[in-house]
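Please look over the sequence and the model below before reading on.

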Amino acid sequence: MAILGDNSMGFEPDEIKNKIHEVVLKHVKLADKNKWMDIKLNDPNLKFEILRDCMSLTDRNIPNLELNFIETVGDAVKFYLGEEKKDLRIGHPVATWFAENEDKLPPNMTFIPYVKELGVKRENRKKLQKKGYFPDPGPWKIPQTRNVVLRDTLGIDALPRQRFNKTKRTPYVLNIMVVGESGLGKTTFMNTLFNTPLKEEIHPKNPQSTQTVEISPVHYELVEDGVTLNLTVVDTPGFGDQLNREHNLDPIVEYIDNQFEAYHTAERSPEFRRAIPDTRIHALLYFIPPTGHALKELDIKSLQVLSAKVNVIPVIAKADTLTQEEKAAFKKTILRDIEANDIRIFPTAYPDDRESVEDLEVRGRSYRWGIVEVENEQHCDFIHLRELLMTHALHDLLETSHTVHYHNYRAQKLRSSGRPESILACDDSYEHRIERSKQSMAEEMIKKEEEMRQNFVMKVREKEANLREREEQLNQRRQQLMAELEEQRLALASEEREFQELYNANRSAR
Amino acid sequence: MATIAEPQKMNLNGYVGFDTITRQIEKKLLKRGFQFNVIVVGQTGLGKSTLINTIFAAHLIDSKGRTSSEEPFRQTTEIQTVSHLIEENGIRLRLNIVDTPGYGDQVNNENCWEPIIKYIKDQHSAYLRKELTAMRERYIQDTRIHCCLFFISPTGHALKPIDIVVLKKLSEVVNVVPVIAKSDSLTMEERVAFKRRIKSELGFHNIKLYPYDSDELDDHERALNDSIKQMIPFAIVGSEKNVVIDGKSVRGRRNRWGVINVENEQHCEFVHLRDFLTRTHLQDLIETTAQIHYEAFRSKQLLALKESSSKQQQQQQQQQQQAQPVQQQVGPGAPVI
């Protein structure tokens, strides 16, 4: 059993330290070379770079559990030197009991010592200990797995067969869309591919009658050897036929998006999540006319748009008009064009399956100069295409369309509707974001405080100004009143003098 | 006006010799040489250049398709002319071939026919201008388009909207000969059904194709025209490369299931088209262009000229009239100052 922190690689501790020192220097510019152990590894990119280099140098992976606790370079060094970790089972009473009674216990029962949580605060630690949790590796982290050696047959090798039996009973769903100008043989091809007359008559469509592209899905149920296939063929009559073909793709893209949308709502609703009816397009066959030149603008634009949404398989239609050399040259030109325009086509692992020619009744076409056999490999690649679609890649198609295209659509839709990125993406960045948001909130608070203070100051000043004014006014009033009082006193004084004079005059007269 | 009296039929007593006039004309024509202008119209990749090279048995034009990813798309229909001088048995033919790369290739094909129509009308108007000048040359270089080969793609269903619109516009200014390109992708039944449908559509939209009906044709010519009309549109296969069939080297295409001989009537109608264009109806095409299309263009132009000149006169008169009342006003109003 692996013991954490075991320095069993044969490196001297100093060597390890030097190596880590070198790694750190490579990634970080330091002012003080002696303080390299104190560098904080808060930036997840930096942490990743340094630790990755350490791991490749010392050939020892750091388990997820430890990654969480390595916050500075010093911690990483400690981990690699194995200073702190000890084998917790030495001296552990339960471990010794287990060792003693090994033969009495069932063979696959082992003892895992409890690892003390370093990042947990003391109060919480007691709580967790009480609840008896397993060592919590932190949010969104996978606990360390250990390999188990079986001492007896378990029988899980029958699992694939069980799965196969189950899936054999459920019907497969395959939705194919065919896109191409009219007259390229799309309907005939579908009939030939499935060896049944899917569409009874191929009446010539009148291209002037279609003003827009119609979407006409037809559903079939085919049974072969106990496996049922629910096939839907979506035909697009009218594509590429009008004068102005700029908006020909819109109905098709809308249809594809609608199917994704339906699946998405079904996924989210609780009732029929088990058996979601899958109407998403799994494969789109794009028919290219056999001109011999490179792709036309309409084809390139359509392929670019469509290959981002569904699995596109380009097909050269009516290839019996081309000789062998022309065919090979044409294929090369098309492939170069596809590469140059960054179009992702489905079977990139099968480079030579891309052609089709067919007919309805006779499995061949008879001309006056010979007969083309559809199923003859020498004549055309129909066999390859059928093999590709049915045997090799059926499941691949379904899977790719679900995992890649449907999830692309879903991600786009959710992002555009404003949902934030998954907050459980990575622990470090989560903390980061929390800190950043804390900081930003603190800054906001400070700003608001400032504002309020300034408001307050302003108000105080105003009030002061007001009061001063009033003081002024009152002073004036007082002065006025004082002046009046003075006047009155003077008046009184003068009257008193007069009275006194009169009185004196009166007295002296007697 | 002088009226010409009804001519009297005379019997000749001896040999006069004015029947050699045909030979004199021939000699003159040999010296002058013929001039033939063809325009090929059709989408990319239908084999227009190959067919021209096959008909005239020489490499005259190159395919102008987009062959590598770095080449840009043509944003409009371009007109490219090449001129060749072919000589056979002392007869010289000056051949102008006008190619139209970019036709019908864009995503939005509205007005893709306008450069073509403009070019054809420009040739007519150049000829008209040369005719109208006082000092006319003895023999005007004829650059008017005598024949338009219109290529239909072998879908097997029916004509596309772009085909119908362009055919309508083209058949008003030039002789149009429709052709089914790459017809080795159609079996015999498909070919017959396709032709039938095309003919019914052409009739429905009233598109007039060459050869035209005319009262001056005699029975033999009319029968020939009828047989041509049966075969239109010609289902052809073109090839510049030779394949060996029965020890002979002929032009054709070889596939793993068979060999197509271009000159075999059973395989395709190339021979009929070639004979039609070069051996039987060459002169007729030139004449029809001159007599029908050019005359129509000319009359329209001259009428328009007359109308515009009369309008100018009217405008001038109006201006003069307007000038006079102003003068009258100025007279009595002057003494206010």
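A salt bridge is a side-chain nitrogen of Lys or Arg within 4 Å of a carboxyl oxygen of Asp or Glu. In this model, which is predicted, B:Lys160 forms such a bridge with A:Glu181, and their closest N and O atoms are 2.8 Å apart.

**Between the chains**
- Two salt bridges are counted between chain A and chain B, together with 10 residue pairs in polar contact, both residues being at pLDDT 80 or more.
- On the side of chain A that touches chain B, helix H10 (297-307), helix H11 (324-340), strand S6 (364-367) and strand S7 (370-373) each supply at least two residues, and H11(A) gives the most, with six residues.
- In total, 46 residues of chain A are in contact with 48 residues of chain B, and the area buried between these chains is about 4400 Å², of which carbon and sulfur atoms give 53%.

**Nonpolar cores**
- The largest nonpolar core has 68 residues, and among those with the most contacts inside it are B:Phe36, B:Leu149 and B:Leu273.
- Strand S4 (residues 147-152) of chain B gives the most to this core, with six residues.
- Leaving aside residues up to four places away in sequence, B:Leu273 touches several residues, including B:Leu51, B:Leu149, B:Val177 and B:Phe234.
- A second, separate core has 33 residues, including A:Ala266 and A:Tyr406.

**Helix H3 of chain B**
- Helix H3 (residues 114-132) of chain B has 19 residues and reaches 26 Å from its first C-alpha to its last, which is close to the 27 Å expected at 1.5 Å a residue.
- Among the buried residues of H3(B) are B:Ile116, B:Ile120, B:His124 and B:Leu128.

Definitions and conventions. Residues are numbered from 1 along each chain as its sequence is written. Chains are lettered from A and ligands numbered from 1 in the order in which they are written. This is a predicted model: local features need pLDDT of at least 70, side-chain atom pairs count only at pLDDT 80 or more; totals for chains, interfaces and linings use all residues. Side-chain values use heavy atoms; hydrogens and water are left out. Helices (H or I, at least four residues) and strands (E, at least two) are DSSP runs, numbered from the N terminus. The expected span of a helix is 1.5 Å times one less than its number of residues. Buried means under 20% relative accessible area, exposed over 50%, partly exposed in between (1.4 Å probe, protein chains only). A nonpolar core is a set of buried Ala, Val, Leu, Ile, Met, Phe, Trp, Tyr and Cys residues joined through side-chain atoms within 4.5 Å. Contact means heavy atoms within 4.5 Å. Buried area is the accessible area (1.4 Å probe) that two parts lose on being put together, summed over both. A polar contact is a pair of N or O atoms within 3.5 Å; within protein, one must be able to donate a hydrogen and the other to accept it, and residues adjacent in sequence count only if both atoms are side-chain atoms.
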